[in-house]
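I am opening a notebook on a structure that is new to me. I will write down what I looked up, entry by entry.

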There are 2 protein chains.
Amino acid sequence: MLQQETIAEIVEKAIRTLALPDEPRQLYEPVGYMFSIGGKHLRPRLCLTTYGLFHDAVPQEVVWSALALETFHTFTLIHDDVMDRSATRRGNPTVHCKWDVNTAILSGDLMSILAYRYLAMGPADKLPALLKLFTDTAVGVCEGQQRDMDFERKPFITMEDYMKMIGQKTGVLLAAATCMGGILAGAPEAQCKALYDYGYRTGLAFQITDDYLDCFGDAKTFGKPIGGDIAENKKSWLLVEALRRAVSESDKKRIAELLALGDDRRAEKIAAMTQLYIDLGVRDAADAAILECHRSAVDALKQAGFTEQQVDCLREMAEKLLHREK
Amino acid sequence: MLQQETIAEIVEKAIRTLALPDEPRQLYEPVGYMFSIGGKHLRPRLCLTTYGLFHDAVPQEVVWSALALETFHTFTLIHDDVMDRSATRRGNPTVHCKWDVNTAILSGDLMSILAYRYLAMGPADKLPALLKLFTDTAVGVCEGQQRDMDFERKPFITMEDYMKMIGQKTGVLLAAATCMGGILAGAPEAQCKALYDYGYRTGLAFQITDDYLDCFGDAKTFGKPIGGDIAENKKSWLLVEALRRAVSESDKKRIAELLALGDDRRAEKIAAMTQLYIDLGVRDAADAAILECHRSAVDALKQAGFTEQQVDCLREMAEKLLHREK
């Protein structure tokens, strides 16, 4: 089994030493920039973690497959930032702000293609299975992004809608990561399926945690100002749950009033909505939902014939993800 | 060997009967729309033509591989239209005009992924070779689009720069199409390589023809107003060649004056530049360049062991492409 530190080092090194052409500059510079501003590299790490359940070393071709996941994810960030008009990403200017929208579109397109190039550099015998999984996943991510944008235009969405959306936007790519590790390792189909479910449910927990930290996290470790979702009326897990819990007329009215507050009263809006989340029990419910996703993620591994040691490794991985502060 | 009519029917039917999900509507509608507004389906037809040199029938999985080419090409059109701010495509509103820019970005992204999905539905044993070729090609197309955008900011570009740009923007994808047909048919490597070169050079001829028809074509059959490239000062083959041929100060001055004319004198600008192209011998030079590309495309097939009948088929295919009026 591989240690988390070893896996993190392999991923960092692979990204740091990635050789990109110099020309055309306008096309490749943003790609190098996006890789350089970091991120947690969660997806390749998850992939190598599940691969590492079965092997003690990682061949270079498996590293390429893992890198395909990070490259695809980073491509979606570039285009999402254009569509959401976001000015910063990981504390740095977004590509369309640092360069322009056309550059963000085209270098994003290139990055999605590079993801497939890295996938093609993986083990040839696994390629048909990997390409199908990767492509089905990528379609899901696009559908999730579309649903997310559709939600912003809808006055009300149900928790079921919300969970489906984050399942596509975040769940399927984490699921693909954990499943790919199994496929690359040559694990039996039942175990690959279990790893997929584990990754999917961990992805849900991860996304709810993200929404949670946007409101209840620490600005320094979170890497962006707290309360952004509230300020932008974003339909986060917290808001969807608050709307579900607000049954009295006074609570409904209070939420509507806060949603109507403009950016000139940003601090007041964030403070009041945060308090309301606590009063309505939304904060505690989020804690419980995250734990429940985590529990069901680990449950997915049962009866697939994993050793106790393998299950422990994956439980710890998920725990680390959920107890993150950023 | 397969007849052109049969191939055209297979491609039309495959596109017409493509089953796309209904939801999310905003994501899939533009994809269906782009497929419905047609086009020549040149790339899948080229692919099935070279496949048909070796076989008398086309299995469904080979049709999927061919469809991947059309889907990728159509994706690039959606994003190119956003970047170029084009309002119409094939006589219809572009996706970002009919919907909006975000829709064009995301449904374009989806379409690029669908291209890989269709590729994954091709023959599994050919997948490593096809995926590598397809991905290298896609990277080339992005680089070509970037060079094209860079050119618009440069005061002067050489014919060498121009040919390199159209080689990437158009040549490599036609080359991939003809080469893929060979790979899918199980042709020997030397023949696949020859088919690649044939496709690449045919692509150059095709692009020069496109620039030619934009100036000297017939508006009705060309499908868009004549002279658009001139009106927009686009660095077409004709303009690059005119700048190369203009050695006298008076010719240079005349071109500069015409380039400086605004859209309020559009008709005058188009008429005068067209005349100048004729006077400088640019029109005749374009005719000669197209023929030369065509000749060298067919030359590429020599000494690769093709039968006379196979070479004739490809010569005719290229001739039909170049004697098109649209």
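I began with the term I needed: a residue counts as buried if 20 or more other C-beta atoms lie within 10 Å of its own, and as exposed if 12 or fewer do. I also noted that this is a predicted model.

Entry: a covered helix.
I applied that cut-off to helix 6 of chain A and found 18 of its 20 residues buried, so the helix is mostly covered by the cut-off of 20. I then checked its span: helix 6, residues 101-120, reaches 29 Å from first C-alpha to last, close to the 28 Å expected at 1.5 Å a residue.

Entry: chain A as a whole.
I found 16 helices and two strands in chain A. Its radius of gyration is 20 Å, close to the 20 Å that the globule rule gives for 326 residues, so chain A is as compact as a globular protein of that length. The C-alpha atoms fill a box of roughly 60 × 50 × 30 Å along the principal axes. Of the 326 residues, 49% count as buried. I also looked at contacts between residues at least 6 apart in the sequence of chain A; 72% of them join residues at least 24 apart.

Entry: two domains in chain A.
Chain A is divided into domain 1 (1-187) and domain 2 (188-326). I noted 21 Å between their C-alpha centres. Where they meet, 28 residues of domain 1 are in contact with 24 residues of domain 2. On the domain 1 side, helix 3 (42-51), helix 7 (127-153) and helix 8 (159-185) each supply at least two residues. Helix 8 gives the most to that side, with 16 residues. I sorted the residues of the domain 1 side into 17 nonpolar, nine polar and two charged.

Entry: chain B against chain A.
The contact takes 31 residues from each of chain A and chain B. On the chain B side, helix 2 (25-36), helix 4 (60-84), helix 6 (101-120) and helix 7 (127-153) each supply at least two residues. Which helix of chain B gives the most to this side? I found that helix 7 does, with 14 residues. The residues of the chain B side divide into 18 nonpolar, seven polar and six charged.

I then laid chain B on chain A: a turn of 180 degrees and a shift of 0.0 Å along the axis gave an RMSD of 0.0 Å. The two copies are thus related as by a two-fold rotation axis. The same surface serves both, since 100% of the contact residues of chain B recur in chain A.

Entry: helix 3 of chain B.
I found ten of the ten residues of helix 3 (42-51) of chain B buried. Among them are B:R43 and B:R45, along with B:L46 and B:Y51. What covers the buried residues includes helix 1, helix 4, helix 8, helix 9 and helix 16 of chain B.

Most residues other than glycine have a negative phi, and most peptide bonds are trans. I looked for exceptions. A cis peptide bond joins A:E23 and A:P24, with omega about -10 degrees. A:P24 lies in the loop between helix 1 and helix 2 of chain A. Phi of A:R85 is near 55 degrees, a positive value. A:R85 is found in the loop between helix 4 and strand 1 of chain A. Is A:R85 buried or exposed? A:R85 is exposed, because 11 other C-beta atoms lie within 10 Å.

Conventions. Residues are numbered from 1 along each chain as its sequence is written. Chains are lettered from A and ligands numbered from 1 in the order in which they are written. This is a predicted model: local features need pLDDT of at least 70, side-chain atom pairs count only at pLDDT 80 or more; totals for chains, interfaces and linings use all residues. Helices (H or I, at least four residues) and strands (E, at least two) are DSSP runs, numbered from the N terminus. The expected span of a helix is 1.5 Å times one less than its number of residues. Two residues are in contact if their C-beta atoms, placed from the backbone, lie within 7 Å. Ala, Val, Leu, Ile, Met, Phe, Trp, Tyr, Cys and Pro count as nonpolar, Asp, Glu, Lys and Arg as charged, and the others, Gly among them, as polar. Copies are superposed by least squares on the C-alpha atoms of residues with pLDDT of at least 70 in both. Domain bounds come from an automatic or database domain assignment. The radius of gyration is taken over C-alpha atoms; the globule rule is 2.2 Å times the number of residues to the power 0.38.
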